[in-house]
Amino acid sequence: MKYAPPFQRTNGFLPVLLVFAVLLLLPVVVTETYARHTLILVFVYAVLASNWDLSLGYGGIVNFAHLGFFAIGLYGYAIFAKVIGVDPWLALLVTPVFAVAFAVLLAIPILRLEGIYVILVTIAATQLLLQIVVSQSTYTGGTSGMVLLPRLTIGDYKLSSDNRLGYYYLALALLTASTFFLYKIERSATGRAMKALRDNKYYAISRGVSEARTRLWTLGLSAIFPAFAGGFYGAYLRVASPDVFGLGFLTITLSVLLLGGIATIWGPLIAAIVVVGLSQLLADYGAWRNIVIALVIIGVVVVYPGGLFAALQEIWSGFDRAKTNLIAAYRRKTGAAARARAMGTSDQLLETRHGKVSVCDTHSGAQAIIFIHGNSSCKEVFRHQFDALRDQYRLVAFDLPGHGVSPNADPEKDYNVAAYAQIVRDLVDRLKLGNPIIFGWSLGGYVALEYAAAGNPISGLVMCGTSPIRTYPDDMPKGYIPSPHMELAGKRFHSPYEKGQYATHTIGMQKHSEPVLWQAVWRTDGQAREQAFAKLKTTDWQRQMSVIQGGKIPFAMINGPKDPFINHTYCARPEFGTDYAQTPILINGAGHAPFVEDPDAFTKAFLKLIEAF
Amino acid sequence: MAFDTFMFILMSGILLGGLYALMATGLAVVWTTLGVFNFAHGTFVMLGAYIAWQVTQSVAGGFGFMIAVVLSILVMFCLGFVLHFALIKPFERNQNVVLLAVISTLAAASIIENSVLLGWGPRDKQIAPPIGSKIDFFGASINTFDFVILGVALLTLFALAVFLRRTTMGRTLRAAAQNREAAELMGLNVPKLFAITLGISAATAALAGIFVGSLRFISPTFGADPLMKSLIVVILGGVARFTSPIYAAFVVGIAESFSAYFLGLYWSPALLFAMMIAVLLIKPEGLFGHRSKTL
């Protein structure tokens with residue numbers, strides 16, 4: 001299932017808008033010619049590297065052809081504008097045609113080859129281009145290159161006037177257009193086909209992706225903007241020299257790409273600023289400049305092979321975790337009274353082996369019921385049950401680590417189903433809950449199953465909004481209905497829009513009717529979402545299944561028929577039925593969270609079940 | 001064409017072939033053992049030549065040619081050994097190892113090239129050839145030293161082949177190349193063996209560099225050409241056997257010298273690259289090999 005929200009609804013929207021606005025206004029502050037020159041070069045390298053990334057990172061075709069495309073753009077502009085004498089703007093516009101034609105020619109050998117051979121054939125092809133350029137010195141200037149290429153003008157206004165203001169905005173326009181183009185391609189059907197071929201070639205082919213056609217598209221599309229960049233480079237510097245074929249140019253461009261991080265559109269943009277900035281900063285140091293740049297490249301690929309974009313995401317993730325943790329700490333204090341009113345009892349922080357968790361306990365009653373909430377939620381979802389059942393049972397609910405008002409915990413150790421089950425066990429011991437009945441919702445359902453499967457004391461298990469899984473991942477598409485919102489469940493960074501979508505679709509509530517739950521999605525540690533989802537594969541599903549089918553522990557499922565996630569036909573299979581409920585009990589009209597959507601009907605059904613346990 | 005001209009072109013092609021064989025074998029050994037292409041190989045050739053040149057200069061004591069050769073080879077072996085740990089070992093477990101090694105070796109090439117530029121300056125240098133005499137070979141007048149180069153190059157390759165096939169050390173190297181996991185399970189220190197491989201590759205590159213440096217001028221940027229030629233040779237010949245790139249080296253050398261004569265200096269590299277692309281299209285495993293990589 002593809003998940004592709006429009007750009008203005010993703011996380012990247014604000015930063016990109018901000019950067020674009022800064023770049024748009026920068027010439028007001030940066031008036032000096034040399035600084036602007038550096039920025040123009042940054043844009044050129046960013047265009048070249050990010051388009052190279054379309055084939056190298058997204059397409060998985062590790063190739064060195066893009067220097068050739070760039071050179072074709074450069075020499076195409078030079079020959080058309082100077083030797084043939086057409087209008088410079090027209091010359092700039094026609095260059096991509098030749099680059100794409102070259103790309104299509106190159107696609108023929110590339111289709112037959114793999115791995116290092118693709119690198120070598122593209123190196124050979126660019127060197128072949130170099131030899132042609134060098135040998136045709138009447139048209140190309142040979143080894144000494146061409147100088148005094150025609151400049152770009154609008155009417156009588158030279159783009160180089162006003163300290164290169166025109167070239168600055170033309171380069172920025174080129175970068176913007178190229179980035180928009182790449183963004184659209186990446187999210188199109190062709191872009192998904194490219195990534196599918198890269199990640200699992202034979203599976204993609206078996207699903208009807210044509211390898212030849214997709215690779216041809218990948219190369220052809222990624223040739224367009226490098227040629228523009230080359231043509232622009234020629235028009236801007238007014239020089240076309242065979243240096244663009246050299247190892248030096250290759251090293252700089254490749255380092256922009258790798259330093260930024262492959263398979264990211266934005267990475268090369270960041271790296272271009274770093275590499276070109278560094279290279280211009282050290283321009284006076286001659287050979288030392290190249291040595292320093294090369295050392296930086298080696299340092300980054302050794303220490304951080306993911307590149308700067310991955311590093312940026314790590315920083316952002318750290319920031320996000322600190323923020324959510326602060327929100328939790330703040331709400332622990334300020335929201336305590338409101339939460340106590342909702343739940344009828346105040347919560348307290350309890351130490352477990354996976355960090356502190358916030359627990360609500362009604363303290364009175366012989367039989368305990370533990371409620372476990374789902375992904376990106378909080379214990380207050382169960383407040384109607386606390387209200388209705390508090391006189392008959394001892395009720396306990398808690399916020400999972402990284403959720404609600406519990407503090408964040410270690411992503412590696414504490415954010416997974418097994419750790420959550422151990423937290424339940426710790427609470428049972430600390431609060432002396434005896435043999436509790438456990439109710440698990442959604443992800444909490446798996447936690448409840450895991451708790452029972454690990455042999456912990458339990459006298460009954462009710463699951464809601466969870467599909468039993470026999471083998472992972474085979475049963476996931478059977479047990480769940482693929483929906484774009486499933487993608488959100490395991491996504492680390494949510495944009496505000498995505499948070500709203502997730503809240504609406506899991507709980508089926510609007511912002512104003514359920515403010516606490518709405519806030520819970522905002523507070524949830526993104527790492528908790530990502531880790532819990534990613535580590536589903538480490539769970540012992542067979543053992544969980546034996547809890548359901550073993551018949552030793554009373555088990556039943558309560559679902560909402562409108563639940564958009566789970567496959568009701570799958571859940572109603574006889575193999576998951578027990579003496580207490582042959583098929584899942586359905587709360588009419590409810591969705592993924594019947595205990596909030598129709599609390600009375602749910603509580604009645606729930607009570608009937610646990611009384612039978 | 002006169003017979004002596006033909007002989008002259010043929011002999012210069014064979015001489016080129018011998019040099020290319022020396023360079024390309026180093027590249028091929030690294031490719032088959034470490035599984036990466038070393039883009040710093042050309043700068044190894046260049047640096048080897050510079051070290052030898054320095055040793056023969058009076059500032060450094062003005063040692064003879066032989067001492068220069070031995071010192072240069074030793075230094076380059078050590079450099080190659082060390083560079084393995086800096087350039088390739090850090091990401092040998094990474095799935096993008098081929099690409100990462102490309103960028104790290106390219107960066108190393110940049111460092112070596114610019115360090116040489118800093119240390120020795122941009123001016124061309126030449127190593128004085130130890131033998132200046134010429135001999136008459138089927139009517140063509142050919143430097144005696146050319147024959148020596150050819151002989152030493154072939155002898156070195158033969159010695160390397162014997163080393164890889166007959167000695168315990170060579171056999172462990174081949175074992176590490178053929179099945180890394182099994183070699184490690186047998187207790188071989190694979191990273192060390194890989195480092196030795198890169199060292200041997202750098203040493204043969206140095207020898208080739210000294211020979212090139214005594215035939216032509218050397219400059220900090222002259223590594224690019226040996227690198228490209230080695231790539232062409234390795235692709236053309238394939239790496240199925242130790243000898244595959246050696247045969248291909250002579251094909252390339254002779255093709256180059258004849259095309260330079262008939263097509264001109266500028267078109268001869270174009271022809272070679274076209275040949276390389278054609279071989280990749282028709283027989284990607286190389287002209288002299290099966291589709292597998294072993295030593």
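This is a predicted model: local features need pLDDT of at least 70, side-chain atom pairs count only at pLDDT 80 or more; totals for chains, interfaces and linings use all residues.
Local features are considered at pLDDT of at least 70 and side-chain atom pairs at pLDDT 80 or more, while totals for chains, interfaces and linings use all residues. Residues are numbered from 1 along each chain as its sequence is written, and chains are lettered from A and ligands numbered from 1 in the order in which they are written.

Chain B has 11 helices and 2 strands (DSSP runs of H or I with at least four residues, and of E with at least two, numbered from the N terminus), which follow one another along the sequence as α-α-α-α-β-β-α-α-α-α-α-α-α. Its radius of gyration, 19 Å, is close to the 19 Å given by the globule rule for 295 residues, so chain B is as compact as a globular protein of that length; the radius is taken over C-alpha atoms, and the rule is 2.2 Å times the number of residues to the power 0.38. Of the 295 residues of chain B, 47% are buried, that is, 20 or more other C-beta atoms, placed from the backbone, lie within 10 Å of their own.

In chain A, helix α19 (residues 443-453) packs against helix α25 (residues 541-550) at an angle of about 85°, with the axes 9 Å apart, the axes being lines fitted to C-alpha atoms over the stretch in contact and angles running from 0 to 180 degrees between N-to-C directions. α19(A) and α25(A) are therefore roughly perpendicular, a term covering 65 to 115 degrees. The contact (C-beta atoms, placed from the backbone, within 7 Å) involves L449(A), E450(A), A452(A) and A453(A) of α19(A) together with R543(A), Q544(A) and V547(A) of α25(A).

How values were computed: A residue is buried if 20 or more other C-beta atoms lie within 10 Å of its own, exposed if 12 or fewer, and partly exposed in between; C-beta atoms are placed from the backbone. Angles under 35 degrees count as roughly parallel, over 145 as roughly antiparallel, 65 to 115 as roughly perpendicular and the rest as oblique. Two residues are in contact if their C-beta atoms, placed from the backbone, lie within 7 Å.
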